[in-house]
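Here is a short note for a colleague who has the coordinates open. Please read it alongside the structure.

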Amino acid sequence: CNMHSLLPLVLCAVALVTVSMASGAGGDAHGVVGLDEDGRLVLADAFNSTTLSALLSRQTEQASAIGELYRTDMQLVSTLQQQRSEIMRLESENSQQQSTILELQQQQQPGATSEQLAALLRSLQQVQTMLCRVSLTSIPIPTHGAADGTAFNMNGIVFLAVANSVTNGGNTDIMSTIYRWNGTGFEPFQDVLTRGADDWEYFSINGSSFLAVANRQSNGDYSVDSVLYRWNGSAFEQFQAIRTTGAVDWEYFSI
C-alpha cells in the first residue's frame, strides 16, 4: 500500500470519530460514526463516551505506527541511493582499469611487464568482486534457507553461487543456483542439485576452474557426497564426488 495515501485516510478517520464524540457529548449520540471490531467504519445508533475514547486511542496508535513505517521507508530509499552511487563509482573504476590494461597490451611498452599486467588484472578482479558484493545488498535474490553465497571472477565475468540448504517444508534435496552478472544485476545461470548445501568454494588449477559444494545432509542422512564441478567452457559439470559426513565448508590450498 502507498504510505502517502494511507496516512491522510487514517487521520481523516480520526477526525470523523472526534466530530462524532463532540456531537454526542452530554448523552447518547445517534447516528455516530465509529469502527467495528474489524476496523471498518459503521453507523451506530448509540456509542457511549468510553467506546468513542477507545476508538480514538486506537486510531491515534495506528496513525503513529503508519508514520513510523513512512520514516523507515524514507531511510531505506536513502540507503538504496547511497548503494547505487557506490555501484556507479566501482563501475567507473572498473572501466578505467580495463582501459589501462588494453593500452598497455596494445603499446607493448618495455616498462609494461607481465608482473604489472598481472597486478592490474588482480586489481580489476577485486573491483568486480566488490561491485558484486555491494550489489547484493540492494538486489533481492530468491533463496531457500541460504547458508552461503560465494562471488568469484572467471575470465572477466563475475558469478555468484548461492548455497540453498532447506525449503520451508524441510526438504534439503533442492536446487542451488549459480548467478551471472549481466552489467546491471545477477541473472540465473545454472541450477545444481545440492543436499543441505552449506558452502561453495571456487578455485583454479593449471587454468581449469572448479566449483565445490559442501553438502551437509540429505533429509536427515549426514553421510552424503560433496561434489566438485569443473567449468567446461559453457557450464559447470560434475567432476568428482567425495563422500563426506555433515560437511559444512570447503578450503582450497596448495603445498
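This is a predicted model: local features need pLDDT of at least 70, side-chain atom pairs count only at pLDDT 80 or more; totals for chains, interfaces and linings use all residues.

The points below cover strand pairing, aromatic contacts and salt bridges.

1. Strand S4. S4 spans residues 157–164. Seven of its eight residues are buried. On one side, eight bridges join S4 to strand S3 (residues 146–154) in the antiparallel sense. Gly-149 has Val-162 as its bridge partner in S4. S4 also pairs with strand S5 (residues 173–181), again antiparallel, over four bridges. There, Phe-159 stands opposite Arg-180.

2. The S3–S4 hairpin. Two residues lie between the strands. Asn-155 has a positive phi, near 55°. Check this residue in the display.

3. Aromatic pairs. The count is twelve. In one of them, the rings of Phe-152 and Phe-159 have centres 5.5 Å apart and planes at 15°, so they count as stacked. Both residues are buried. The two also belong to an aromatic cluster, together with Phe-189, Tyr-202, Trp-231 and Phe-236.

4. A second stacked pair. Phe-203 and Tyr-252 sit 4.5 Å centre to centre, with 5° between the planes. This pair links distant parts of the chain, 49 residues apart. Phe-203 is in strand S7 (residues 197–205), while Tyr-252 is in the segment after strand S10 (236–245). How do the two compare in exposure? Phe-203 is buried, because its relative accessible area of 10% is under the 20% limit. Tyr-252, at 38%, is partly exposed.

5. Salt bridges. Three are found in the whole structure. One of them joins the side chains of Asp-173 and Arg-195, at 3.2 Å from N to O. Asp-173 lies in S5 and Arg-195 in strand S6 (residues 186–195), so the pair ties together parts 22 residues apart in sequence. Asp-173 is partly exposed at 22% relative accessibility, and Arg-195 is partly exposed at 31%.

6. Arg-180 again. The residue opposite Phe-159 also forms a salt bridge, with Glu-187, at 3.8 Å from N to O. That value falls within the 4 Å cut-off. Arg-180 is partly exposed, with a relative accessible area of 29%. Glu-187 is partly exposed at 30%.

7. Arg-243 and Asp-225. Their side chains meet in a salt bridge of 3.1 Å, N to O. The pair links strand S10, which holds Arg-243, to strand S9 (residues 223–231), which holds Asp-225; the two are 18 residues apart. Arg-243 is exposed, because its relative accessible area of 53% is over the 50% limit. Asp-225 is partly exposed at 29%.

Key: Residues are numbered from 1 along each chain as its sequence is written. Side-chain values use heavy atoms; hydrogens and water are left out. Buried means under 20% relative accessible area, exposed over 50%, partly exposed in between (1.4 Å probe, protein chains only). Two strands pair if DSSP finds at least two bridges between them. Rings of Phe, Tyr and Trp (its six-membered ring) pair if their centres lie within 6.5 Å; planes under 30 degrees apart count as stacked, over 60 as edge-to-face and the rest as tilted.
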